[in-house]
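This report goes through one protein model, part by part. Have the sequence and the 3D view open while reading.

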Amino acid sequence: MEGDAASPNILGESKAGYILSNVAEVVERILTFVPTKNLLWIAGVCRLWRNCARRVLRTQQRLTWLSASGSSIYEEHVLLRTMAEDLEKVHLLPQTALLMVDGEHFNWPFSYRQKKARKCENEVASDPVEKLRRLLPRNCDVVGIAASGIVVTPSGSSSSPPEEHENGEAGFSLLFPAMDGVTIRPFHFCKKSFSESAMEEAGLINNPDLKVVLMFDYETWKAGSFLNKLLEPLSQNNVLIVGGQVERAFSNNTTCCSPGSFGAVGLTFSGSKIQGASVLVDQDVSNPKAAEATIQRLKAANIPERNTMGFMFACVGRGHNSYNNQRNVEASAFRKIFSNIPLLGFFGNGEIGCDRIVKENYTLSETDADGLQHSFTTVMSLVHFG
């Protein structure tokens with residue numbers, strides 16, 4: 001419809017119809033309560049509604065997450081079903097998605113034999129990565145990893161108790177909208193794609209606005225110094241680097257590397273609004289009080305809780321193994337200290353990070369590339385998006 005207002009046969013001749021077809025302030029206020037998927041459909045009604053919808057979309061700058069755990073009643077992973085249902089209700093347009101799932105129940109990649117056996121089935125039904133991509137907007141950058149265990153905060157409330165799923169079916173999708181003053185760039189490097197120009201394109205080098213890097217490597221034990229080459233340019237800069245070693249990874253760049261090869265995926269966050277901090281829960285921390293005292297040091301960063309995400313990247317050797325068979329110790333300590341920040345993460349085979357605060361021009365500590373790599377530890381971090 002090309003006119004400025006909706007036609008009478010849509011909105012009627014009542015006063016309400018007149019207001020909804022002419023008073024932008026009222027329409028815009030109403031549209032703030034409409035999920036984004038419906039908002040995009042509503043934008044096609046008339047020019048007034050389209051303009052109102054666009055303004056509402058620009059205000060949706062708070063990240064959100066969808067999480068799931070427990071066995072699915074369907075053959076697919078429990079996160080796939082949750083995303084299919086809950087993406088209908090979110091109030092943002094995802095530009096970037098960070099997905100983490102347990103490696104045991106997320107059945108990918110398929111072998112040649114499996115693909116041949118399923119050749120008559122629908123491609124989306126047989127490939128969970130492809131289904132994840134199709135659930136999200138076409139232009140959404142996707143970075144996904146599979147790890148031994150997953151840390152989730154249940155969807156819906158940032159104050160819900162976070163859960164450490166050291167085993168079992170679990171996963172989450174962290175959704176980033178376009179945000180003023182924040183630039184998010186994904187990266188995926190393997191032997192074929194790693195180069196200085198690729199690092200620059202991802203914002204990892206020659207980027208004075210870089211504040212935070214989430215980095216997840218896989219199979220890099222096969223490559224000797226591959227991870228060090230990635231970390232070395234970042235280690236002495238005022239940049240927060242956190243992450244760890246995972247089982248598998250995928251991204252929009254499906255041709256990056258062949259099965260069985262090594263590499264790293266992640267996200268860079270640049271911009272004046274980004275703040276970050278991390279602490280290292282060392283391997284000798286073995287009781288809840290000591291864990292809480294370590295995580296308490298994150299308070300020194302004075303990072304606002306609004307639009308902030310907590311990340312926990314722990315070794316598979318920690319969890320209940322470090323706390324006399326007590327479970328959920330570190331996630332519970334985080335919630336005790338930060339009552340309204342969601343916590344997400346994984347249990348992996350190595351950790352990346354150190355004690356560091358990135359806020360204005362202040363850095364808590366500096367280290368080299370080797371000093372950023374650990375085992376039998378937990379990296380606990382906060383990232384604020386303005």
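## The second largest pocket

Strand E1 (64–69) gives the most to the lining of the second largest pocket, with three residues. Strand E13 (308–315) and E1 each supply at least two residues of that lining. In total 25 residues line the pocket, and Arg62, Leu63, Thr64, Trp65 and Asn307 lie nearest its centre. The space in the pocket is about 510 Å³.

On a 1 Å grid over the protein atoms alone, a pocket is an open set of points where a 1.4 Å probe fits, with protein on both sides within 12 Å along at least five of seven lines; lining residues have an atom within 4 Å of a point. Grid points are joined across faces, edges and corners, and the volume is the space filled by probe spheres set on the points. Helices (H or I, at least four residues) and strands (E, at least two) are DSSP runs, numbered from the N terminus.

## Basis of the model and overall make-up

The model is predicted: local features need pLDDT of at least 70, and side-chain atom pairs count only at pLDDT 80 or more, while totals for chains, interfaces and linings use all residues. Residues are numbered from 1 along each chain as its sequence is written, and side-chain values use heavy atoms, with hydrogens and water left out.

The protein has 13 helices and 19 strands. Of its 386 residues, 54% count as buried; buried means under 20% relative accessible area, exposed over 50%, and partly exposed in between (1.4 Å probe, protein chains only). Of the contacts (heavy atoms within 4.5 Å) with a separation of 6 or more, 81% are between residues 24 or more positions apart.

## Nonpolar cores

A nonpolar core is a set of buried Ala, Val, Leu, Ile, Met, Phe, Trp, Tyr and Cys residues joined through side-chain atoms within 4.5 Å. The largest one has 38 residues, and Leu98, Leu174, Phe176, Phe216 and Phe385 have the most contacts inside it. A second, separate core of 25 residues includes Ala277, Leu298, Phe347 and Met380. In soluble globular proteins, nonpolar side chains tend to be buried together.

Which residues does Leu174 touch, leaving aside its neighbours within four places in sequence? They are Leu63, Thr64, Trp65, Thr96, Ala97, Leu98, Met309, Phe311 and Leu344.

## Helix H6

Helix H6 spans residues 78–86, and its buried residues are Val78, Leu79, Leu80, Thr82, Met83 and Asp86. Among the elements that cover them are strand E1, strand E2 (96–102), helix H9 (128–135) and strand E6 (170–176).

## Aromatic pairs

The whole structure holds 13 aromatic pairs. Rings of Phe, Tyr and Trp (its six-membered ring) pair if their centres lie within 6.5 Å; planes under 30 degrees apart count as stacked, over 60 as edge-to-face and the rest as tilted. One of the pairs is Phe226 with Phe262, which is edge-to-face, at 5.2 Å centre to centre and 70 degrees between the planes. Phe226 lies in helix H11 (226–235) and Phe262 in the loop between strand E10 (248–251) and strand E11 (263–270), so the pair ties together parts that are 36 residues apart in sequence.

Phe226 is buried at 6% relative accessible area, and Phe262 is buried at 14%. Together with Phe187, Phe189 and Phe194, these two form one aromatic cluster.

## Gly244 in strand E9

Gly244 is found in strand E9 (240–246) and is buried, with a relative accessible area of 0%. Beyond four places in sequence, Gly244 is in contact with Met215, Phe216, Asp217, Phe346, Gly350, Glu351 and Ile352.

## Cysteines

How many disulfides does a search of the whole structure find? The search finds zero; a disulfide is counted for a pair of cysteine sulfur atoms within 2.5 Å. The sulfur of Cys46 has its closest cysteine sulfur in Cys52, 8.0 Å away, which is too far for a bond. Cys46 is buried at 1% relative accessible area, and Cys354 is buried at 8%.

## Positive phi

Most residues other than glycine have a negative phi. Asn206, which is not a glycine, has a positive phi of about 55 degrees. Asn206 lies in the loop between helix H10 (196–201) and strand E8 (210–218) and is exposed, with a relative accessible area of 60%.

Phe376 also has a positive phi, near 60 degrees. Phe376 is in the loop between strand E18 (373–374) and strand E19 (378–384) and is partly exposed, at 45% relative accessible area.
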